[in-house]
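Welcome, and thank you for taking a look at this structure with us. Please take a moment with the sequence and the 3D view below, and then we can walk through them together.

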Amino acid sequence: MKKLFNRIKFLFRKKGELYASLEKMMGFAPINIDYYRQAITHRSASVRDSKGRRSDNERLEFLGDAVIETVISDILYRKYPNRDEGFLSTMRSKLVERKNLGRIAHETGLTKLLRTDLKQHFGKAHHSYLGGNAFEALVGAIYLDRGFKGAFRFINYLIEQGHINIAKTARVEENFKSLLLEWGQKYKVEVKFVLLDEITTNRGSKQFRYAVMVEGREAATATGFTKKDCHQLAAKKALRAFHRNPNFERSMRQMNLTRRVIEDMLPYAQPTTVIQ
């Protein structure tokens with residue numbers, strides 16, 4: 001009888017610890033703890049119910065992934081009313097990428113709550129992957145427990161706590177033009193942003209189309225409602241194109257080498273003597 005009483009006390013104490021940890025992590029208390037217990041259970045530690053179904057966080061991951069994208073999309077849409085779809089999409093993809101979610105899971109202590117039977121010798125990338133999955137599952141649990149408003153409240157709480165830094169992500173996103181110009185200086189090649197087209201839409205707003213020209217060659221084009229947006233998006237496309245095509249950068253190195261050789265030879269070039 002004493003053993004049974006101690007076991008009951010132990011279960012209630014562990015349940016209370018989970019409540020306290022979740023409340024600290026989310027900024028509000030859970031209602032149905034079962035959703036959250038499932039969210040922190042990895043497949044390796046899952047058990048089957050009476051119907052043979054596994055109780056783990058994989059289905060909650062699926063749900064949470066969609067909820068996170070919706071919440072982040074809503075926040076970005078309202079925060080940046082004058083930015084185009086390309087900027088918003090790139091920002092969202094950076095904020096919801098698995099590596100970033102894994103970082104948040106680690107910072108908030110979610111990874112410490114994760115129930116798993118996996119060995120501890122897995123690399124950091126693997127743990128980041130597990131943490132990202134657990135974070136998605138947690139948001140799925142919040143959605144089932146408290147609806148979309150609860151999920152929205154949780155993401156905003158993470159922003160307030162500094163775990164999600166939208167402004168910093170935006171600054172990185174807006175630095176593509178500088179990176180491209182630095183790349184041009186490195187290889188001593190001419191990089192220009194050339195206006196290709198400027199039209200006025202039916203609503204009276206202007207739309208621009210710019211091209212990135214590298215040594216007279218078109219590297220990428222972009223369309224937007226401001227010149228700044230066009231420059232950033234075109235620069236981003238150009239940098240990605242260079243990354244995917246190493247031959248382009250190799251040709252820039254060869255061009256730079258050829259130019260230096262010619263410049264070195266010029267002082268020694270003798271004027272041609274014209275025979276009368």
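With which side chain does the side chain of R83 make a polar contact? The partner is the side chain of D229, at 2.8 Å. R83 itself is found in the loop between α3 (58-79) and α4 (85-95). Its relative accessibility is 18%, so R83 counts as buried. D229 is one of the buried residues of helix α10. Please keep in mind throughout that this is a predicted model.

**The overall picture**

The protein has 276 residues, and 36% of them count as buried. It holds 11 helices and 3 strands. Reading from the N terminus, the order of the elements is α-α-α-α-α-α-α-α-α-β-β-β-α-α. Among the contacts with a separation of 6 or more, 57% are made by residues 24 or more positions apart. The accessible surface comes to about 17,700 Å², and carbon and sulfur atoms account for 53% of that area.

**Helix α10**

Helix α10 covers residues 227-244, which makes 18 residues. From its first C-alpha to its last, α10 reaches 26 Å, close to the 26 Å expected at 1.5 Å a residue. The buried residues of this helix are D229, C230, H231, Q232, A234, A235, K236, A238, L239 and F242.

**Along helix α7**

Helix α7 spans residues 124-160, and K149 has its place there. K149 counts as exposed because its relative accessibility is 73%. Although K149 and V71 are 78 residues apart in sequence, their C-alpha atoms are 9.4 Å apart in space.

With a relative accessibility of 40%, L144 counts as partly exposed. Together with Y143 and F148, L144 makes a nonpolar surface patch of about 250 Å².

**Salt bridges**

How many salt bridges does the count come to? The count comes to 7 salt bridges. Here are some of them, with the distance between N and O atoms:

| Pair | N to O distance |
|---|---|
| D74 and R78 | 2.9 Å |
| R98 and E136 | 3.2 Å |
| K192 and E190 | 3.7 Å |

R98 is partly exposed because its relative accessibility is 29%. E136, by contrast, has a relative accessible area of 4% and is therefore buried.

Why are D74 and R78 separated by about one helical turn? The reason is that they are 4 residues apart in helix α3. An α-helix has 3.6 residues a turn, so residues three or four places apart point the same way. D74 counts as partly exposed because its relative accessibility is 21%, while R78, at 62%, counts as exposed.

In the remaining pair of the table, K192 is partly exposed at 45% relative accessibility. E190 is partly exposed as well, with a relative accessible area of 41%.

**The end of helix α5**

Is T108 buried or exposed? T108 has a relative accessibility of 19%, and because buried means under 20%, it counts as buried. T108 is found in helix α5, which covers residues 98-108. A polar atom of the T108 side chain lies 3.3 Å from the backbone oxygen of A105. If we leave aside its neighbours within four places in sequence, T108 is in contact with M25, L158 and H163.

**A loop between two strands**

One last stop is E215, whose place is in the loop between β2 (206-214) and β3 (217-224). Most residues other than glycine have a negative phi. In E215, however, phi is near 50°, a positive value in a residue other than glycine. E215 counts as partly exposed because its relative accessible area is 28%.

Key. Residues are numbered from 1 along each chain as its sequence is written. This is a predicted model: local features need pLDDT of at least 70, side-chain atom pairs count only at pLDDT 80 or more; totals for chains, interfaces and linings use all residues. Side-chain values use heavy atoms; hydrogens and water are left out. Buried means under 20% relative accessible area, exposed over 50%, partly exposed in between (1.4 Å probe, protein chains only). A polar contact is a pair of N or O atoms within 3.5 Å; within protein, one must be able to donate a hydrogen and the other to accept it, and residues adjacent in sequence count only if both atoms are side-chain atoms. Patches are made of residues with over 30% relative accessible area and no salt bridge: like charges are joined within 9 Å, nonpolar side chains (Val, Leu, Ile, Met, Phe, Trp, Tyr) within 5 Å. Accessible areas come from the Shrake-Rupley method with a 1.4 Å probe; for residues, only the protein chains shown count as cover. A salt bridge is a side-chain nitrogen of Lys or Arg within 4 Å of a carboxyl oxygen of Asp or Glu. Contact means heavy atoms within 4.5 Å. The expected span of a helix is 1.5 Å times one less than its number of residues.
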